[in-house]
Amino acid sequence: MEMGCLVQVIILGSGSPLPDPHRAGPSTLVRTAAGDLLFDCGRGVLMRAAAVASGAGAFKALFLTHLHSDHITDLNDIFTMRWAMSFQPNPLPVFGPVGTAALLRATEAMLEPDIGYRLAHHDDLRWRPSSTVTEVERGLILDEGGVRVTASPTDHAPVRPTVGFRIDEGEQSVVVAGDTVPCAALDELCVGADVLIHTVVRRDLIEEIGLPRLTDVLDYHSSVADAAQTAARAGVGTLVLTHLVPPPAPGTEQEWIDQAAAHFDGSVVLATDLLALDVNQGP
Ligand SMILES: [Zn+2]
Ligand SMILES: [Zn+2]
């Protein structure tokens, strides 16, 4: 079988809701034969995309795991830049959980003054920004150019609904789990995947800090051990830990990897912004 191009995963933002000088908000780019697929669009996404020669006009589609603010902070930037830098109508395809269509309508409404300014000012810009939204729950949602994207519900309760995504191209597969606690649907989505990108929090550090606002996040996120156990059950190749809460203090990176390695025999990578992995070849 012909191998084709390797799928590449680029962590655009490895951070969390907490502003961090070194980590943009949650966002992952998966480069495939069908184009650049963007998963979530947290703070600074287009700055990081620019660093890898991608951008709002280049995204084949945007996939949202859920509508928590940190995962959608810069949706308005993508929506605007895709339009304002275009030379012909170029609707943004968006796939996300129920609620995504309303989010896009609200985003467009928020930008109405800006849309008016630019339409009035640029004679050659004669169309409005637009999107095509597909609300998804489970199953095959995109099948194009040999690339298939599958959605599955995850468990981030009380945030509902939430979805994870699996990207398959030839023999290569990547799962973007989003924010979730371990669950059977996620296990199923991950079976045999080459790369699992999983958001994590450090249970031990958060309990030690002891702030109620922070300990609340333990309710609906996977700890490093949880993510590693999911990876082990599903037999994935490489586990990428991202959306790191609290942000790793310099010199403590190995602790995160060791905590995962205690539960998972595959390779473990602690994400940094712009970390790139060639799927099947490792980091
Ligand atoms: Zn969330
Ligand atoms: Zn989050």
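In what order do the seven strands of the open sheet with β14 stand? The order is β6-β5-β4-β3-β2-β1-β14, and the pairing is mixed. Here strands are DSSP runs of E with at least two residues, helices are runs of H or I with at least four, and both are numbered from the N terminus; two strands count as paired if DSSP finds at least two bridges between them. The model is a predicted one, so to speak of local features takes a pLDDT of at least 70 and side-chain atom pairs count only at pLDDT 80 or more, while totals for chains, interfaces and linings use all residues. Residues are numbered from 1 along each chain as its sequence is written, and chains are lettered from A and ligands numbered from 1 in the order in which they are written.

At the edges of this sheet sit β6 (131-135) and β14 (276-278). Each has a single partner strand, so one side of each is left without a neighbour in the sheet. From one strand to the next the twist averages 20°; axes are lines fitted to C-alpha atoms (for helices, over the stretch in contact), and angles run from 0 to 180 degrees between N-to-C directions. Helix α4 (residues 100-110) packs on the sheet and touches β5 and β6, with its direction at about 155° to that of β6; contact here takes two C-beta atoms, placed from the backbone, within 7 Å. As for β5 (residues 92-96) and β6 themselves, they pair in the parallel sense over five bridges, and L92 has S131 of β6 as its bridge partner.

Buried means 20 or more other C-beta atoms within 10 Å of the residue's own, exposed means 12 or fewer, and partly exposed covers what lies in between, with C-beta atoms placed from the backbone. S27, L29 and R31 point one way from the strand, T28, V30 and T32 point the other way, and all are buried. On one hand β2 pairs with β1 (residues 8-13), antiparallel over five bridges, where V9 stands opposite V30. On the other, five bridges join β2 to β3 (residues 35-39), again in antiparallel fashion, and T28 faces F39 of β3. A hairpin through two residues links β2 to β3.

There is also an open sheet of seven strands in the order β7-β8-β9-β10-β11-β12-β13, with mixed pairing. Its edges are β7 (139-144) and β13 (267-270); each has a single partner strand, so one side of each lacks a neighbour in the sheet. The strand-to-strand twist averages 20° here. Within it, β9 (residues 163-169) and β10 (residues 172-178) run antiparallel and are joined by five bridges, with R166 bridged to V175 in β10. Helix α10 lies across β12 (238-245) and β13, at about 150° to β13.

What does α10 (residues 253-261) pack against at an angle of about 45°? The partner is α9 (residues 224-234), and the two axes are 8 Å apart. That makes α9 oblique to α10, on a scale where angles under 35 degrees are roughly parallel, over 145 roughly antiparallel, 65 to 115 roughly perpendicular and the rest oblique. V224, A225, A227 and A228 of α9 meet W256, Q259 and A260 of α10. Of these contact residues, six are nonpolar, one is polar and none is charged (Ala, Val, Leu, Ile, Met, Phe, Trp, Tyr, Cys and Pro count as nonpolar, Asp, Glu, Lys and Arg as charged, and the others, Gly among them, as polar).

Most residues other than glycine have a negative phi, and most peptide bonds are trans. The bond from R160 to P161 is cis, with omega near -10°, and P161 is in the loop between β8 (147-153) and β9. Another cis bond joins V245 and P246, with omega about -10°; P246 belongs to the loop between β12 and α10. Positive phi turns up at A53, near 55°, in the loop between α1 (45-51) and β4 (59-63). A53 counts as exposed because 8 C-beta neighbours lie inside 10 Å. H243, in strand β12, has a positive phi near 60°, and with 30 other C-beta atoms within 10 Å H243 is buried.
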